[in-house]
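User: I am new to reading structures. Please walk me through one, step by step.

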Amino acid sequence: SSCASDTYALIMTAVLNEKPHTRFVVDCEGEALMNCLPYKPFLIKPNAYELSKLVGVDISTSSSPDLIFKAAKKLQSKGARNVLVSLGAEGACLLTEDKEFLSVAGMKGDVVSTIGAGDTMIASFIFMADRSGDMAKALKFANECAARSAFTAGLPDMNTLKDILKNY
């Protein structure tokens, strides 16, 4: 079921009133996402299609990095601190709050299911960003974890994740 487009913003307001330094990660789209931006979420993660709809520019997974950068910058100017753009098989891009624009190429493999890959990307990005403080490393790790998720029925098992983590 869906909720009103201001629901997440209302929750953010309530939380910030109690805990002003809370970091939010927002993974929704459209008006609901736009309503959250004034609350300066730590991370948002639109995919190329969602980014297109948000900024009114035709962006595909094969769009130029410059076009993706400009679109992410628009969302950042409205309050998002870090904008992680998933590009499916083409990889991902990140515009950091320090204005650094990073990108990683997609990984080769046979896609079994993309269900859960976006959630895997967010969780693994936050894990590595908190663990290392290195946004480029977090982007690379998140991209690899999301790809492994897409190459698997369900989510990758713990052994797969431990195998990935050895490289970081």
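User: Which residues does Glu29 touch, not counting residues up to four places away in sequence?

Analyst: A word on the source. This is a predicted model, where local features need pLDDT of at least 70, side-chain atom pairs count only at pLDDT 80 or more, and totals for chains, interfaces and linings use all residues. Residues are numbered from 1 along each chain as its sequence is written, and side-chain values use heavy atoms, with hydrogens and water left out. Contact means heavy atoms within 4.5 Å. Here Glu29 touches Glu50 and Lys53, leaving aside residues up to four places away in sequence. Glu29 and Glu50 are 21 residues apart along the chain, yet their C-alpha atoms are separated by 6.4 Å.

User: Where does Glu29 lie?

Analyst: Helices (H or I, at least four residues) and strands (E, at least two) are DSSP runs, numbered from the N terminus. Glu29 sits in the loop between β1 (25-26) and α2 (30-36).

User: Is Glu29 buried, exposed or partly exposed?

Analyst: Buried means under 20% relative accessible area, exposed over 50%, and partly exposed in between (1.4 Å probe, protein chains only). Glu29 has 39%, so Glu29 is partly exposed.

User: How are α5 and α6 packed?

Analyst: Two packed helices are described by the angle between their axes and the distance between the axes. Axes are lines fitted to C-alpha atoms, for helices over the stretch in contact, and angles run from 0 to 180 degrees between N-to-C directions. Helix α5 (residues 117-132) packs on helix α6 (residues 135-150) at about 150°, with axes 7 Å apart. Roughly antiparallel means over 145 degrees. The pair α5 and α6 is therefore roughly antiparallel.

User: Which residues meet there?

Analyst: Among them are Met121, Phe125 and Phe127 in α5, and Leu139, Phe141 and Cys145 in α6.

User: How many aromatic pairs does the structure hold?

Analyst: Rings of Phe, Tyr and Trp (its six-membered ring) pair if their centres lie within 6.5 Å; planes under 30 degrees apart count as stacked, over 60 as edge-to-face and the rest as tilted. The structure holds 3 aromatic pairs. In one of them, Phe69 and Phe101 have ring centres 5.3 Å apart and planes at 70°, so the pair is edge-to-face. Phe69 is in helix α4 (residues 65-77) and Phe101 in strand β5 (residues 101-104), 32 residues apart.

User: What about Phe127 and Phe141?

Analyst: Their ring centres are 5.9 Å apart and the planes are at 40°, so this pair is tilted. Phe127 is partly exposed at 39%, whereas Phe141 is buried at 5%. With Tyr168, Phe127 and Phe141 form one aromatic cluster.

Terms used
Angles under 35 degrees count as roughly parallel, over 145 as roughly antiparallel, 65 to 115 as roughly perpendicular and the rest as oblique.
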